[in-house]
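Here are some notes to read alongside the model. They are meant for someone opening it for the first time.

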Amino acid sequence: MPDDRKKMLKTGVLLMVAVILGVAVFSYASVASAGGQDGPHAVVGSVESARTNINMSTVAQVPDNLTQDASFGGGDGAQAVVGHPSFAEVTDRGNIEPAQANIKMLSHTKSGMPIMTMVPDDLTQDATFGVSFRTRISDNRGMATITEHSVQAGSKAYPVRDPINRLRAGSLQTHLETWSDLDRTSFTMASRNLKDFKNSMAVMLDGIFHPLLGDVHYEWIYRQEGWRLETNEDQTNLYISGNAYNRARAAQMFPDVVLDHFVYSRLFKGHTYGYNPKGLWNETLSGARDHMIKFYNSWYQPSNGRVFCYGAPEYINACLDAVDEAVTRMLNDQAKKLEENGGISILEELGVSLPEDSKVDFKKLNSINSVEERVPYPSYDRRERRGDFRLSISWVLNDKPMDRRTEVAWYLIWEILAGPSGFLSPDPMSQIDTNLQQWVMTIGVSGLPTEAAAGEARTNITNMLGELSQNGFDHEVMAIGLNEVEFMLRDMNTPDGSPLGVHMFKTVMRKWNYDLDPTLALTQMDEFKSLRAQLEDPDNLEGMEFILELMTKGLSNNTAQAIATLYPSKELRINAENNEYKWLRLHESDEDWYKANRTEFIRQTAEFHRVEQQGESEMDIATIPRLSPKDVPKKAFEIPTKVTEGVFDSDLTMIENIVPDSNNITYVDFTIDISVMPFKDVILLPLICRLLVFAGTEHKSDWEIQDQIDLYTGGLTIEPLVEEVYEFQEDYGYKVASGKHMITKLLVRTSCLAEKGCGEAFNLIKTVIYDSVIDEREKIIDILHSIVEDMEDDVQRNGNAYLFQSIQSRYTLPGFIREQWFGITQLYKARALLKDGANYSRWWEKFFTRLLIAHDAIKRTHHSGLLLSITGDEKAIKDIGDAVRTFVKDTLPPAAQRTPFPDFAKVEHPWVVNGNLTMNKRYAQNLAFLIPTLANDVAMGGLLFQPGEHISGAHMAAVQYLGGFFLNEKIRSNLGASQAWAQLDMDSGALIYYSETTPSMISTFKIFRDAAGWVQQQMDGHKSLAVEAQAAIIGTVGKIDGSALQPDDVSHVALLQFLKQDTKEGRKKLREEALQATKEDFIFVANRLASWGGESIYVMTNEGSLDQFNSITSGSITPCTLVGPSSTYCSNYHQ
């Protein structure tokens, strides 16, 4: 694609290279993603047999509880005869090939509630349950989300404050998620264990259909999940808290939320889509418990719900049993109330008729007025930034149901306009929202220097769309777009890492919620093939004419649009805090309100705290269904891998991972050893990685390379990778690493359509690594700006990830290096490089030299430092055999380095000496990063174990108990934080606490410090472990075993296991230790907690909150500002 068309809007806004936090495979919080793919799949289809070593430590196992009858395999057969006496079969859709599953539509006989069952061809996938209700909203009080959380706060059969999360912390669940969209509320969970699946469904369904939120004895639920008034310690001043309020308050400062609120509130004014299901902070304060109860009674009815059951036949039948039992009990309860109420139902009292009243009408395009506004968003206020202005244009694309051909066409238009090779340059603000019945497309441009530039960008976008709508696209542009859409439709990897069944549930709800055939969302490939055939036929103009007509009507001539010029506001946070203060003062000065409400609010808050302090009774806790060790599968799930050393008589090692079905897509991970790079240049690797992908070569421009990536692959990313090599005891128990042995790699990740051979994909790997020209000044500046802009937005949204990295950087060299790459240090460094490049002209010559030396170290590496991991189904692996051979034997340049790399598990890594010198410099142990936020993210860490000490699965179980029960109750339920966790890092021996969006830093840190005493208190006076401590053991095993990985994850996890020299024996030992955990193990961890070493605290907050905290704690936390012109350096932090 010509460069001038690419750059006519704005140069330098580049697609962010995906980065993976190289957390150890068995760091506590990451074990769920490190579990293996199970299933009876033999390792077959090798592309090379010479010097092959079958890695028997990763051979797949079938779950003990899974029926192994061959008739349950793919296609038609026994799996198609799922049935239940309480459900009538509506349609049997048979085997839907794109979904790789047999599908039936059922109806609950007593209630009419529709059910969709899916039996996947691959029975090793996680069984999944989902239920969704249409929940229309008509204000911004947040009742959808408040009700969603309140049904999880206690139910008739399980009368504890948080039964779902209490169950989860002690179960084998692989996924639990609830959410509220603009027109529906959904609940889903997944498990690979039949008894656990039944337990989880029982608890979730009882909460949904039999909650305690309407019981007068549980009025505190609304004060917990909605909002409440609190008094400070001297009982004089009021302040506002509550989970919904805290979430809405924090969301004001997220740039993406600011934009979404503008777009939907303006385009859908007065319509359901114009309101926020989570609420706006000021409108949540007008909400009351009665509103929540009415919302629940109106929408949480079987006739308004849809149930999804996914898994092997025995799981489907268990799902149907649980739904029938819960719904039947609800119908019986309603029948009693109907009789008591003289034959008048709850819905009749409310004036609600279902399902008609829950249906969401389309808003007609001709009723939507075009709107253009200036919209403030929180600013970092830095002078060296190239520009803080942003432009977005959003269109509503339809006002009637789309057919599949139209949907596929819009996917294609989107990729051509805003994809990686799009005309409008990729931008984080650009998105197409296909989740609702009315689709919305937003084109965004960031990093504009002035508000006038935003106006110019708008004109350029409008002119370009008009030109494209008239003239169409050339063959190359269309081919790129078609390839990107084909990958989107064929790739079975879930975008958020959730189990495949969860992804299927979310996908079908995009149609099913609107009374359309849910399988329409699964069967778009045929329409794509038909449209592609027309577009690729030079004599057939029908396809192109269809695309251009859609663009003309939906974009160029569409007045249903909202245009925002987002401008940076330094006052946004301060104004928000002042508004809260004014609300409190206004209501306190309102004598009528004060007399009528203050006393009652304080009484309800006092009742909330009474319940909080009273805790749960042993009788109530005992109602939660539990698994015992005998219910746990005897064998762990493992990935089937085949390792070939010296593939094709080279020095390269190859890993093959066979998966049941990858839709003939092959996933490729290629690593290059970078240990010869000077340590002082290691911090430059994120910049270098982006340059390798986006800089271009001597013979091809950056856009030409990107076009090839988008034409021949499913995307290509490069990122640095560092990991500790595991160390073991003689009995295979894990030890804390010495810190001297690690692997350092450059990781290239891509995918390709195997039937096309994948030769071009492998050529691109060679091109970007060996041929890229990375010393172009303007390109470097553009990428540095992109790094800064991406990280600034991400810090506000995902502050806990940065805090976690900061604490890890204190205790282990790989953690220190990862923080340099992906943490706050990288943000400071990118800002500093921009400042130096702008102020010192001679600086560039030295900087180019550093880049070229680093690149040379990458290119000259010995081939013993190369590792190729390929993943796909048997046919995909076979189809790419010739491409792999050519890549290894002919495409890769000869090694310039003569000496093979040593085994860094036995030899000290070259970075250790200089890395430790840098790492061990004295920095402040307690730091606060100041950002434009209204939330507090906090983390605390310390060393529990020293290098060489054994970390067992029993220790992990104690941490699971601590995080899943104590922190969840005290910080999430009581304080109103979004989440709270505890994580044991097996690489460093450190324990890390962290909490997201916590309203009180002081209270949170106190709870962290009370953790050791709490564990000891729970152990005192008991001969054996308490019920929930025993449950934590099961939860730990669940995290070790993890979920059924999708192909892309299989490739990466297998690669990490190989590089870290992990073993099946070690994982088995860890699992056995967890199952054998005793009271003494928990006490041991508590004692270590009470005397841990090297404590450190990191906080993400704002200046005012830190000042308040320090005034109470005598200035115990040192600030590092990320806001303001001088925020390119922090002397108290790693630089």
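1. A word on terms before we start: a residue is called buried when its relative accessible area is under 20%. Cys758 comes in at 4%, so it counts as buried. You'll find Cys758 in the loop between strand S22 (742-753) and helix H24 (759-771). Its phi is near 70°, a positive value in a residue other than glycine. Keep in mind throughout that this is a predicted model.

2. Asn664 is another one to look at. Its phi is near 60°, again positive and again not a glycine. Asn664 sits in the loop that runs between strand S17 (653-658) and strand S18 (665-673). Is Asn664 buried or exposed? With a relative accessible area of 9%, Asn664 is buried, because the cut-off for that word is under 20%.

3. While we're on backbone geometry, check the bond between Leu354 and Pro355: it is a cis peptide bond, with omega about 5°. Pro355 belongs to the loop between helix H12 (346-350) and strand S11 (371-378). For background, most peptide bonds are trans, and most residues other than glycine have a negative phi.

4. Now zoom out. The chain has 39 helices and 29 strands. Its radius of gyration is 29 Å, close to the 32 Å from the globule rule for 1135 residues, so the chain is as compact as a globular protein of that length. Along the principal axes, the C-alpha atoms fill a box of roughly 85 × 75 × 65 Å.

5. How much of the chain counts as buried? The figure is 63% of the 1135 residues. The chain exposes about 41200 Å², and carbon and sulfur atoms supply 49% of that area. As for contacts between residues at least 6 apart in sequence, 82% join residues at least 24 apart.

6. Strand S24 (residues 926-930) pairs with S29 in the parallel sense over four bridges, and Phe929 stands opposite Cys1120 in S29.

Definitions and conventions. Residues are numbered from 1 along each chain as its sequence is written. This is a predicted model: local features need pLDDT of at least 70, side-chain atom pairs count only at pLDDT 80 or more; totals for chains, interfaces and linings use all residues. Side-chain values use heavy atoms; hydrogens and water are left out. Two strands pair if DSSP finds at least two bridges between them. Helices (H or I, at least four residues) and strands (E, at least two) are DSSP runs, numbered from the N terminus. Buried means under 20% relative accessible area, exposed over 50%, partly exposed in between (1.4 Å probe, protein chains only). The radius of gyration is taken over C-alpha atoms; the globule rule is 2.2 Å times the number of residues to the power 0.38. Contact means heavy atoms within 4.5 Å. Accessible areas come from the Shrake-Rupley method with a 1.4 Å probe; for residues, only the protein chains shown count as cover.
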